[in-house]
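Okay, everyone, thanks for coming. Let me put the model up, and then I'll walk you through a few spots in it.

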Amino acid sequence: MIDIITVVNADSIEQISLSNAHQQFLLVEPGRKVEADSITRHIGGGALNSGICFSRLGCEVSPVVKIGDDVARDHVIHHCKINNLVTDRFLTDEGGTTGSAVMIASHEKNAAIFTQRGANTKLDDPDLDAIGDVEADIVHAAPLSGDSAKMLPRISELAAEKGAFFSSNPGIRQITTRTSSVLAAARNMSLIAMNDVEAAALIPCLSALDDTLEWGKSTGDGPKLKSQGVQIELLRFCEALHAHGPRNVLVTFGSDGAWLYDGDQLHHQEIVPVKVAGTAGAGDSFVSTLAWGLKCELGAKNALLLAAHNASSVVSFVNTTDGLLDRKELEKRSGL
């Protein structure tokens, strides 16, 4: 993706918060020219954010991404090369456009994003041959857009054939519109990651698959999800999803940190406080670092700690990759 990031001072744009719906909105007056603190252009997208994260941790990384044959293509490839990513498996959509996004960051810096996904939506079966001829310790599937989302089960099968650690953070669109494909791919997942909103969206489908699940019951003081007007124990959700295949289930709760279920127990990781410049890319860095840490058998506690520090560093920058840490610096900051 080509990310155009606009940072607007909180005094220059209005914000409305709806306390009952827990929603916030940025308001822009029609016809008004709003002065921005900065407007910058970057290379992003979940696949490359994750790929650069793995690369800085010391991995040799071969992204399989689809881009247009437009002028942006050269910028994407150059960006990957300077970040030590192998570009042999880049796919080109002839006559198509590279995906792009415009982000408006203000107030809490949780950007509103306008996106045109372009070639990102056009991954198909023949394209997956690019995965088949490479050995891999880790296969990571970033959120897939449009028709590309149909490829997730096949990607999971390829990962299983290689005996690779397979991780994915499907995203809300895949979870709500391609639920069956997400659950089909989950059978081969070593790690599935989502935030609390995405987890709540998956609950009705999990409940339909197992009518013995008593989602409405909530006891104890443990973390909970909210779905269909009731609170549901996070542990029960993780157990149910774990039964469909994923060895590890990660659910993030924003400023309340993250919980990882490893098939035995829930592990909690608090956020690492930092001055936030922008939240884009934080999830990609957290999940990628966690997958790497689990694959390296660092243990749930240490892997979560490293992931939290990397994500904290990312949100201290406006763009999605400048804050990513190399292994040495990450271990230093984490005290490991």
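**A loop residue and some helices**

So, Thr-87 first: it's buried, at a relative accessible area of 19%, where buried means under 20% with a 1.4 Å probe and protein chains only, exposed is over 50%, and partly exposed is in between. Quick housekeeping: this is a predicted model, so local features need pLDDT of at least 70, side-chain atom pairs count only at pLDDT 80 or more, and totals for chains, interfaces and linings use all residues. Residues are numbered from 1 along each chain as its sequence is written, and side-chain values use heavy atoms, with hydrogens and water left out.

Back to Thr-87, which sits in the loop between helix H2 (71-82) and strand E6 (91-93); helices here are DSSP runs of H or I with at least four residues, strands are E runs of at least two, and both are numbered from the N terminus. Leaving aside residues up to four places away in sequence, Thr-87 touches Ile-77, Cys-80 and Lys-81, with contact meaning heavy atoms within 4.5 Å.

Next, how do helix H7 and helix H8 meet? The axes of H7 (residues 196-209) and H8 (residues 234-242) come within 11 Å and cross at roughly 60 degrees. Those axes are lines fitted to C-alpha atoms over the stretch in contact, and angles run from 0 to 180 degrees between N-to-C directions. On the H7 side the contact is made by Ala-199, Leu-202, Ile-203 and Leu-206, and on the H8 side by Phe-237, Ala-240 and Leu-241.

Last one: 13 of the 16 residues of H10 are buried, so H10 is largely enclosed by the rest of the structure.
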